[in-house]
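Let us take a walk through this structure together, from the whole chain down to single side chains. Keep the 3D view open and turn it as you read.

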Amino acid sequence: MAQNGRKSRSFWRLPNAVWWVARIGTAGYPPRIRRRLAVTNVIAAMVSLMTIPYILLYALYDWYGLLPAIIAFSPQLVFYALTPYFHRYGPISGALYLCTMWLIFGVGYCMFFGRDSGLHFYFLPGAAASLLVFGSERLFISACVTTGGLIAFLATEVLFVEPLSFIRVEPIFLDTLYYLTVPFAFLLIFTTSFFAFKEAAQAEMALESEHQFSERLLQNILPQAVAVRLRDHRTQMVADQIPSATILFADIVDFTPRAARWEPQQVIAFLGRVFGQFDAIASAHGLEKIKTIGDAYMVAGGLPEPQPDHEAMVALMALELLACCRRISEQVGEPVEVRIGLDTGPVVAGVIGPNKLLYDVWGDTVNTAAHMESHGVAGRIQAADCLKSRLEDRFDFELRGEIEVKGKGPMRVWFLTGVKADGVLST
């Protein structure tokens, strides 16, 4: 995708001078308006430059006889070039100024040289460009400008049949004007349309890039299935009753005193290193990371979509977390241990908050898993009877005994110690 984007940008690349002209006076406006002002600038610059060959033609054909035309029309070199200056007065001021100059000079040209010069064809690209320079939201102004161009075109056909009486030119001169004007008019239409579509293509590419970034961001915040539901049904509440899920809590032991002696960058780097590896383990087992709270890590299996054998997948992850912490301990040169608590059962899951969306789970299963962690032992995986009974045929457990759990009273708990030698696990 990135490669295709680079190819598109190189294909559409225009000379730097054109881009510089296009951006004059557009600073401070929103992107959508800047694109319209850029088109206005390009049209004004082209018409200004197109004045030069006409003035040269007049001078070479009859300097003295066409001096009135040279004096009358040479100033449009400057007048059109001033268009970007008017952007400072409002988003349509430059366009209004450009269209005014276009009508004044266009009618003046046609009065001087008549319809056989073909100069009235310049009214066509001007009318076509009116929608581009004013925007689709100002259809009335665009329609007025287009109507003005049509009236001027028809007036030339009917009223300005011959050149003015003091303009002495031969038919070959008018033919030269005609064959100069028609290609320039088509060039103006093509260039204006090209630049307008170029700006639109860039806007679409930017919008597509922003959309892809938003999609990635949403899917990093929420489970993919939940993100799809929110995207396709924006007013839908996500609240699910999950009949069976397994919850894992892991908490880094003695993290608070360790963080107190570290710089902030070290704290973030350490947590990023640990939790990054935890994320990879969770992903490998098809589990859903729910959240991190400080140095605590929460994972769930069996949601938001059903997952076969989620109890075993979470148990395997818990064992791998201990192995992962042992590797990190060797790498950093000091012990890194976690307390892990597990439980399985029904939960409620959903998205809370209109802002800063959070997918979370609630229920007795979640509370029990949290108690298993908080009442646990460093470097051990503690589970309640419910999970042990579901996994005892495939995993080894060690009885810890009864502990007092706040809000639940005495509970018999177990340490998960490994996978049975003959245990069969589905993957």
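The accessible surface of the protein chain comes to about 22,400 Å², and 62% of that belongs to carbon and sulfur atoms; accessible areas here come from the Shrake-Rupley method with a 1.4 Å probe, and for residues only the protein chains shown count as cover. What you are looking at is a predicted model, in which local features need pLDDT of at least 70 and side-chain atom pairs count only at pLDDT 80 or more, while totals for chains, interfaces and linings use all residues. Residues are numbered from 1 along each chain as its sequence is written, and side-chain values use heavy atoms, with hydrogens and water left out.

Start with the overall make-up. The protein chain has 15 helices and 8 strands; these are DSSP runs numbered from the N terminus, helices being H or I with at least four residues and strands E with at least two. Of its 427 residues, 46% count as buried, where buried means under 20% relative accessible area, exposed means over 50%, and partly exposed lies in between (1.4 Å probe, protein chains only). Among contacts in the protein chain with a separation of 6 or more, 69% are between residues 24 or more positions apart; a contact means heavy atoms within 4.5 Å.

Strand 7 (residues 395-405) pairs with strand 8 in the antiparallel sense over 10 bridges, and two strands are said to pair if DSSP finds at least two bridges between them. Within this pairing, L399 has W414 of strand 8 as its bridge partner. The hairpin of strand 7 and strand 8 has 3 residues between the strands, and there G407 takes a positive phi near 85°. Strand 8 (residues 409-419) also pairs with strand 6 (residues 381-384), again in the antiparallel sense, over 4 bridges. Here I381 stands opposite L416 in strand 8.

Next, look at the charged side chains. A salt bridge is a side-chain nitrogen of Lys or Arg within 4 Å of a carboxyl oxygen of Asp or Glu, and by this rule the count comes to 14 salt bridges. One of them joins R339 and D251, at 3.3 Å from N to O. That pair links distant parts of the chain, since R339 is in strand 4 (residues 338-352) and D251 is in strand 1 (residues 239-252), 88 residues apart. D251 is buried, with a relative accessible area of 14%.

Which residues does a second salt bridge bring together, with 3.2 Å between N and O? They are E334 and R261. E334 lies in the loop between helix 13 (310-332) and strand 4, and R261 in the loop between helix 11 (255-260) and helix 12 (264-284), so this pair ties together parts that are 73 residues apart in sequence. E334 is partly exposed at 23% relative accessibility, whereas R261 is exposed at 54%.

Because K291 lies in strand 2 (residues 288-293) and D360 in strand 5 (residues 358-362), the pair ties together parts that are 69 residues apart in sequence. D360 is buried, with a relative accessible area of 7%. Salt bridges that share partners also join D251, R339 and E373 into one network.

Back in strand 4, stop at T344. Is T344 buried or exposed? T344 counts as buried, at 3% relative accessibility. A polar atom of its side chain lies 3.0 Å from the backbone oxygen of A245. The side chain of T344 also makes a polar contact with the side chain of T246 at 3.1 Å; such a contact is a pair of N or O atoms within 3.5 Å, and within protein one must be able to donate a hydrogen and the other to accept it, with residues adjacent in sequence counting only if both atoms are side-chain atoms. Leaving out residues up to four places away in sequence, T344 touches several others, including H310, T365, C386 and R390.

D309 is in the loop between strand 3 (296-301) and helix 13, and D309 is buried at 17% relative accessible area.
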